[in-house]
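Here is my note on this structure, in numbered points. Please read it with the structure open beside you.

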Amino acid sequence: AQQVMAQASGLRDEIESYESLVDALDEIEVANELAVAEADEELGAETVAGLKDLTRATNDLELATWFTGEFDHGDALVTILPGQGGLEAQDWAEMLMKMLIKYAGNRKWKVDVHDAPAGVELGIDRAVFTIHGRNAYGMLNSENGVHRLVRISPTDEKKRRQTTFARVEVLPVLPDSVVLEIRDEDIRVDVYRSSGPGGQSVNTTDSAVRITHMPSGLVVTCQNEKSQLKNKETAMKILRSRLYELEEEKRLAELDALKGERQELSFGSQIRNYVLDQSRIKDLR
């Protein structure tokens, strides 16, 4: 029932978006005629501003029609891994995480962080989080790949430029209708104490969960919930998405089935460069 209601809600949102654009266009046309007839500069300026907003909203609606993949309209599972660059790479991974979470917030999407252990001195060791929202996977799938950062390092006493890398992987969150069998004898479940800032009755139980799928070697961890059962449930959802990805790669015999070709986390494999000291971002695709 929840799945059907979510689908109905998405369709209603699409219809309402279209109808609101039609109404906005009618209002702008009337305002434009009045502004021209009465030579009203203030009304003319409002009309121009309204037309810009209408153009932006129309572009968003048009963009949504491009998402024709099976899972494009659903939620996205995002993993960020530091690459070459040591501590700088861990810091860069955290910056990418904050960037994507802020983008999700701007689009009014919900974010659930499953695992983001802190790095040795700064940044994060890795990040796994789910972004819930209409077209989330369709929009974020283009972030798949290696991201290269060039900046004056804040950790370097000589203020030299440093280059570092991190990989962003985006997978669809599989709906319950997708059947994927995971046998109990194929997985090993380990529990451990959550890491992070503590406090009274915080991080005092073995609530974090690590699931190892032995046939494939995949390892999934989740520690954001206080309940061990909830962490296990979330970890199993993540494992299903990653196993589905492997099955797609086998069946289609090409790595770009869901997330593009897997590249080395080093120079020459990045999809985008962020050169902060020159205030420049360049997509290489």
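1. Helices (H or I, at least four residues) and strands (E, at least two) are DSSP runs, numbered from the N terminus. His114 lies in strand β2, residues 110-115. The model is predicted, so local features need pLDDT of at least 70 and side-chain atom pairs 80 or more, while totals for chains, interfaces and linings use all residues. Residues are numbered from 1 along each chain as its sequence is written, and side-chain values use heavy atoms, with hydrogens and water left out.

2. His114 has a relative accessible area of 6% and is therefore buried (under 20%; exposed is over 50%, partly exposed in between; 1.4 Å probe, protein chains only). The side chains of His114 and Thr130 are joined by a polar contact of 2.6 Å.

3. The largest nonpolar core has 27 residues. Such a core is a set of buried Ala, Val, Leu, Ile, Met, Phe, Trp, Tyr and Cys residues joined through side-chain atoms within 4.5 Å. Helix α3 gives the most to this core, with 6 residues.

4. Leu140 is among the residues with the most contacts inside that core. Leaving aside neighbours within four places in sequence, Leu140 is in contact (heavy atoms within 4.5 Å) with residues including Val78, Leu100 and Ile131.

5. Three strands form an open, antiparallel sheet in the order β6-β7-β8; strands pair if DSSP finds at least two bridges between them. β6 and β8 each have a single partner strand, so one side of each is left without a neighbour in the sheet. Strand β7 is joined to β8 by 5 bridges, and His213 stands opposite Leu218 in β8.

Technical notes: A polar contact is a pair of N or O atoms within 3.5 Å; within protein, one must be able to donate a hydrogen and the other to accept it, and residues adjacent in sequence count only if both atoms are side-chain atoms.
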